[in-house]
Amino acid sequence: MTNTDVVVIGAGLAGSTTAAILGRAGIPTTLIDPHPVYPPDLRCEKLDRGQIAILHKTGLDGVALAAATFDGAMRDGKAWIARFGRVIDKRPGGQYGILYDDLVNVMRSAVPPDVSHIVAKAVRITTGDTHQQVALSNGTTVSARLVVLANGLSVALRDQLGIERTITSPCHSITVAFDIKPGFGKAFDFAALTYYPERTSDRMAYLTLFPIGTSMRANLMVYRTMDDPWLREMRHNPGPAMFALMPSLRRIIGDVEVVGPVKIRPADLYVSQGHRQAGIVLVGDAFASSCPAAGNGTGKVFTDVERLCNVHIPNWLASPGMAADKIEQFYDDPVKREYDEISKSWAYRLRSMSIEEGLGWSIQRRLRFLIGSAISAACKIGVLSDGNQFVPDGWTQRLRDRT
Ligand SMILES: Cc1cc2nc3c(=O)[nH]c(=O)nc-3n(C[C@H](O)[C@H](O)[C@H](O)COP(=O)(O)OP(=O)(O)OC[C@H]3O[C@@H](n4cnc5c(N)ncnc54)[C@H](O)[C@@H]3O)c2cc1C
């Protein structure tokens, strides 16, 4: 039996970041995950300024960014915005590309050695007002004052505790990820590029190209069903399938070669119910998922973890017991609630803005580009120093809502 103050189940992005912050604060913590090294997995592949600003509050931004590729330092240092085969804006780069497993593993490396990392699966959780017990697949048990459940998409442990997962939008969006290489003897002119759909019938949110190391990574976000024939084409014949969807893209990026595997992964939107319980708190995807196209899953993870570790856990541990009224303070935290709301509303709004017909959505689509260009122009003439940095955290998302 291991005794600790906090046991974190799951060493993905949320769990590893939690363990790193708590360990650095000297709070006795145990981290549990069956994988000694986080395996390759298609998830978030870049961090934007809003996400980094939240991570900064945990003191771990330097660790993550040192392992990532800053687009502002590549080629022309600009993130191009394009539509209908035309570049409509060139903004200063501000994103850091990093494969998800590298991001998680770098967070794991920031966990201090006095946090014990047990390579096993949590198989049973028993919770109460004061003591929690977690039984592991290796036959041992961890006893703690608090369980942080950060086990991502898996449902078994939540089922045991009577925490229900309600899918609010099945297959809300699909992420298609691959590397591209310029034609023989050519080079890309841009550091990064975002390409918006040409028609609503394309059922796509955008294509984003960004550097990771020496590769140019592509994330294509679409709203389709998994049996859509275009997805099959994309898997087997990716170059032609990409240009069939965005014929005018070739004018900007030229003939490219798709290299390596094409990864395709759908994402459901879901929320938890019955989670307000004594002794256990859910963070990251264990609590609720987000839309990859909206791109705020990582911001949600960092917001959860920052609030939990900087504010709530130190308060909870300062007095005896871990009753449900303590745990509720986290779910009712106004900063967390605001981020969750923004994340949810942006998921639906981006989908509607990308695929809905009708005058209202058509006006919003035009406004989005006009406002985006106005902000960019204001930055160029010095009215704003930077469209991203100008606005504080939550407002970055609100601004994205409007653009
Ligand atoms: C296809 C896709 C693309 C995405 N793209 C973006 C994007 O562009 N931008 C963005 O911001 N967000 C994106 N997201 C969302 C973001 O990546 C997730 O919100 C985030 O990775 C969730 O991290 P997590 O730590 O909660 O879960 P995970 O990283 O899944 O970690 C869960 C951990 O729990 C462990 N575990 C599971 N069961 C047990 C058990 N019983 N015992 C012990 N350990 C256990 C697992 O091994 C794993 O290590 C994307 C998501 C998907 C699915």
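The points below concern the sheet and the aromatic contacts of a predicted model.

1. In this predicted model, local features need pLDDT of at least 70 and side-chain atom pairs count only at pLDDT 80 or more, whereas totals for chains, interfaces and linings use all residues. Residues are numbered from 1 along each chain as its sequence is written, and side-chain values use heavy atoms, with hydrogens and water left out.

2. The structure holds seven aromatic pairs, counted when ring centres of Phe, Tyr and Trp (its six-membered ring) lie within 6.5 Å, with planes under 30 degrees apart called stacked, over 60 edge-to-face and the rest tilted. The rings of Phe-70 and Tyr-96 are stacked, because their centres are 4.7 Å apart and their planes at 20°. Since Phe-70 lies in strand β4 (residues 69–70) and Tyr-96 in strand β7 (residues 96–97), the pair ties together parts that are 26 residues apart in sequence.

3. Trp-80 forms one aromatic cluster with Phe-188 and Phe-190, and Lys-90 lies over the face of Trp-80, at 4.2 Å from the ring centre (NZ of Lys or CZ of Arg within 6 Å of the ring centre and within 35 degrees of the ring normal). Lys-46 lies over the face of Phe-210, at 5.2 Å from the ring centre.

Definitions and conventions. Helix = DSSP H or I, 4+ residues; strand = E, 2+ residues; numbered from the N terminus.
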